[in-house]
Amino acid sequence: MRINLDGIHTNLRFSAAHMVIGHESCGKIHGHSYIVDVEVEGERSGQFGFVIDFKVLKDITRKICKSLDHRVLIPYNSPDLNVTYEDDKSIEFTLLDCLEYKLPKQDVVLLPIESTTAESLSTYITEKIVDEIEDTDTLSYIEVQVNEGIGQGASYRKYIEH
Ligand SMILES: [Zn+2]
């Protein structure tokens with residue numbers, strides 16, 4: 001059986017700035033009001049016959065959204081990013097050996113991914129959700145769709161190995 005959370009109606013959202021390194025227009029820092037949809041397939045189990053408790057899934061997803069909200073998302077593992085200075089308060093880096101940035105640490109999230117496209121963010125959030133769920137024994141997959149506003153998004157499905 002499948003259950004899903006519709007991010008727009010369950011308030012799974014975050015607003016963040018990012019850049020798609022090297023892209024003609026999206027290479028400049030710009031923002032989106034992201035909406036996150038989650039789908040889980042698995043066996044019904046436990047006292048209530050849930051696939052997964054909606055509240056638990058919402059709390060986990062919301063916490064991840066909150067960690068990204070009102071930040072500049074930096075793809076820390078990008079081969080095109082070169083950190084030139086970093087301490088507790090600020091980070092300086094160049095992109096593509098020519099674009100120089102200096103940002104306060106409090107304004108950024110350094111994500112362990114190569115890009116911050118909707119594709120990469122959906123993969124990142126899916127992995128985080130899987131990590132946070134205590135018991136995945138009865139689950140078969142988790143799929144997360146990250147929408148850049150309403151109407152365009154990318155989804156990633158992770159099958160749970162048993
Ligand atoms: Zn964008």
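Trainee: Where in the chain's secondary structure is the place of Glu-127?

Mentor: Glu-127 has its place in helix H3. Before we go on, two notes: residues are numbered from 1 along each chain as its sequence is written. This is a predicted model, in which local features need pLDDT of at least 70 and side-chain atom pairs count only at pLDDT 80 or more, while totals for chains, interfaces and linings use all residues.

Trainee: What makes a stretch a helix or a strand, and how many of each are there in the chain?

Mentor: Both are DSSP runs numbered from the N terminus: helices are H or I over at least four residues, and strands are E over at least two. Counted that way, the chain has three helices and ten strands. Along the sequence they follow the pattern β-α-β-β-α-β-β-β-β-β-α-β-β.

Trainee: Back to Glu-127: why is it called buried, exposed or partly exposed?

Mentor: Count the other C-beta atoms, placed from the backbone, within 10 Å of its own: 20 or more means buried, 12 or fewer means exposed, and in between is partly exposed. Glu-127 has 16 such neighbours, so it counts as partly exposed.

Trainee: And how do you know whether Thr-116 counts as buried or exposed?

Mentor: Thr-116 has 25 C-beta neighbours inside 10 Å, so it counts as buried. This residue lies in the loop between strand S8 (108-111) and H3. Over the whole chain, buried residues make up 26% of the 162 residues.

Trainee: Leaving aside its neighbours within four places in sequence, which residues are in contact with Thr-116?

Mentor: Contact means that the C-beta atoms of two residues, placed from the backbone, lie within 7 Å. By that test Thr-116 touches His-18, Leu-73, Pro-75, Leu-111 and Leu-121, leaving aside neighbours within four places in sequence.

Trainee: What makes two strands a pair, and in which sense do S5 and S6 pair?

Mentor: DSSP must find at least two bridges between them. S5 and strand S6 (residues 90-95) have five bridges and pair in the antiparallel sense. Two examples are Val-83, whose bridge partner in S6 is Phe-93, and Asn-82, which stands opposite Thr-94. S5 and S6 form a hairpin with three residues between them.

Trainee: How many bridges join S6 to S7?

Mentor: Six bridges join S6 to S7, and these strands run antiparallel. Together the three strands form an open sheet in the order S5-S6-S7.

Trainee: Why do S5 and S7 stand at the edges?

Mentor: Strand S5 (81-86) and strand S7 (99-104) each have a single partner strand, so one side of each is left without a neighbour in the sheet. Neighbouring strands here are turned by 25° against each other on average, direction ignored.

Trainee: How do you know at what angle H2 and H3 cross?

Mentor: Axes are lines fitted to C-alpha atoms, for helices over the stretch in contact, and angles run from 0 to 180 degrees between N-to-C directions. The axes of H2 and H3 come within 10 Å and cross at roughly 135°.

Trainee: What makes a nonpolar core, and which residues touch the most other members of the largest one?

Mentor: It is a set of buried Ala, Val, Leu, Ile, Met, Phe, Trp, Tyr and Cys residues joined through C-beta atoms within 7 Å. The largest has 26 residues, and Val-36, Val-38, Val-40, Ile-125, Val-144 and Val-146 touch the most other members. Strand S3 (30-42), helix H2 (54-68), strand S4 (71-75), helix H3 (118-132) and strand S9 (139-148) each supply at least two residues of this core.

Trainee: How many bridges join S3 to S9?

Mentor: Nine bridges join S3 to S9, which run antiparallel. At one of them, Glu-41 has Tyr-141 in S9 as its partner.
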